[in-house]
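Please read the points next to the display.

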Amino acid sequence: MPLRLYNTLTRRNDEFTPHDPSNVSMYVCGPTVYDFAHIGNARPVIVFDVLFRLLRHLYGENHVTYVRNITDVDDKINARALRDHPDLPLNEAIARVTEATARQFDEDVKALGCLEPTHEPRATANIPQMIDMIGTLLRRGHAYEAGGEVLFDVTSMADYGALSHRNLDEQQAGARVAVEPHKRHPADFVLWKLSSGNEPGWDSPWGLGRPGWHIECSAMSKRYLGEVFDIHGGGLDLIFPHHENELAQSRCALGTSEMAKVWMHNGFLQVEGQKMSKSLGNFVTIHEVLKDWPGEAVRFNMLRTHYRQPIDWTNASLLSANDALDEFYRLRADDYSTHGDLDSGVLDALQDDLNTPAALKALNDIRTKIKLASGFEQIVLKRKLTASANLLGLLYKAKTVWFVSRAAGVDTQNVEALVAARLAARRARNWDESDRIRDELAKLGVAIMDNKDGTTTWEVKR
């Protein structure tokens, strides 16, 4: 079946046809590196990593270009640098914050099983491209200078608001832009703003300053993917104002009828039934989650909800995801280097607008077949399970590595001693003592299995 993707711009599930099948292109908005990324930020990274894997399967690994940017110039970064490094020169303080935060982000998403994007450009390395695009917008009458800023004139674009499906009269100014008297329209947004002595700045025709938020992605996507590309992705919260303004300035600067062929947005994430907020005490970073849970379990848990739907992030769901992965890893193909055929059910599900819940159900169907099969048929099914899960970024570890990593942090000698003591209690028919030891092991996060041959095996359950 053909690949179909839901397009926010058309509000339809359209068949995907790339501009150039030999060079499929995708741009996804990455982090603003002033603080560790929260668990909600992990969702678009995982979602579009699955799409990246699927596109590479469909069009070839060398025929897909994936760009995920890093925003390293922003007022929040400036504030964090001044707070954390007040004794350093501002530029050095900013570098300390952005380097440490970007490095941690890359480490965290790698732990989530995400492939590296083809390019990971930084905003600060693309300032000349932004200045050039702003100059073009001024020359074409889509921007103006006022109040020490260069602003985009939203009334200069006839169909401004097409992505978010809002009338211009309903528009509000961008989240990072205050409504000021010097604006011609309240929705006009900043392309360039002057920098004071304690703010980072670059020389430009309009004075020492720095770019607005939206122009950064327009300049970087054009540089790495061209004037028009195939897929633009990000979280639902970016539709307006960020993606709407990207679309406007790119089309007006380049004179194109579109910026991206398909616009994709993942749904929101809440924690234990509530919106994630520092004031509620439920704000959690990817880094913090990875201290308690394997990255693959975090990924599996994300994929159990369709990317366009809201997701409720709970400890119970993480535990369930961990248990499910244990079951899959027990049946994983032992010959890791041997590739199997992809399951048509998994592939069809992913080609239906990245329906990862349906893809996981197809994996479960394979698991059921494995349990009923034997001999070479079972080996073939295990290979199919492994290859199909790999397309989702799952079951990529060797079986032994997964179970050893699950036991990390557990006092193995203590567990083995308790298991032996429980076996002795069972042989003596001391059932109360046997149950007590079982409960003690459970408190340690260890589950035990009594086998038919009289042995007992154990594994970590977290």
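The points below go from the whole chain to single residues.

1. Basis. This is a predicted model, where local features need pLDDT of at least 70, side-chain atom pairs count only at pLDDT 80 or more, and totals for chains, interfaces and linings use all residues. Residues are numbered from 1 along each chain as its sequence is written, and side-chain values use heavy atoms, without hydrogens and water.

2. Overall build. The chain has 15 helices and 15 strands. Helices (H or I, at least four residues) and strands (E, at least two) are DSSP runs, numbered from the N terminus. The C-alpha atoms fill a box of roughly 90 × 55 × 35 Å along the principal axes.

3. Of the 462 residues, 52% are buried. Buried means under 20% relative accessible area, exposed over 50%, and partly exposed in between (1.4 Å probe, protein chains only). Among contacts (heavy atoms within 4.5 Å) with a separation of 6 or more, 74% join residues 24 or more positions apart.

4. His-57 sits in helix 1 (residues 39-59). It is partly exposed, at 39% relative accessibility. Beyond its neighbours within four places in sequence, His-57 contacts Leu-342, Leu-347 and Leu-391. The C-alpha atoms of His-57 and Leu-347 are 9.9 Å apart, although 290 residues separate the two along the chain.

5. Salt bridges. What counts here is a side-chain nitrogen of Lys or Arg within 4 Å of a carboxyl oxygen of Asp or Glu. The whole structure holds 25 salt bridges. Asp-35, Arg-80, Arg-83 and Asp-84 are linked in a network of them.

6. A bridge between distant parts. Arg-251 and Asp-159 form a salt bridge at 3.0 Å, N to O. Arg-251 is in helix 6 (residues 239-254), while Asp-159 is in the loop between strand 6 (149-152) and strand 7 (189-194), 92 residues apart. Which of the pair is buried? Arg-251 is, at 18% relative accessibility. Asp-159 is partly exposed, at 34%.

7. Bridges within a helix. Arg-330 and Glu-327 meet at 2.4 Å, N to O. Both lie in helix 9 (residues 315-330), 3 residues apart, about one turn of the helix. Asp-435 and Arg-438 form a salt bridge too, with their closest N and O atoms 3.5 Å apart. This pair lies in helix 15 (residues 431-443), again 3 residues apart. Asp-435 is partly exposed at 32%, and Arg-438 is partly exposed at 36%.

8. Phe-376 lies in helix 12 (residues 375-391). It is exposed, with a relative accessible area of 59%.
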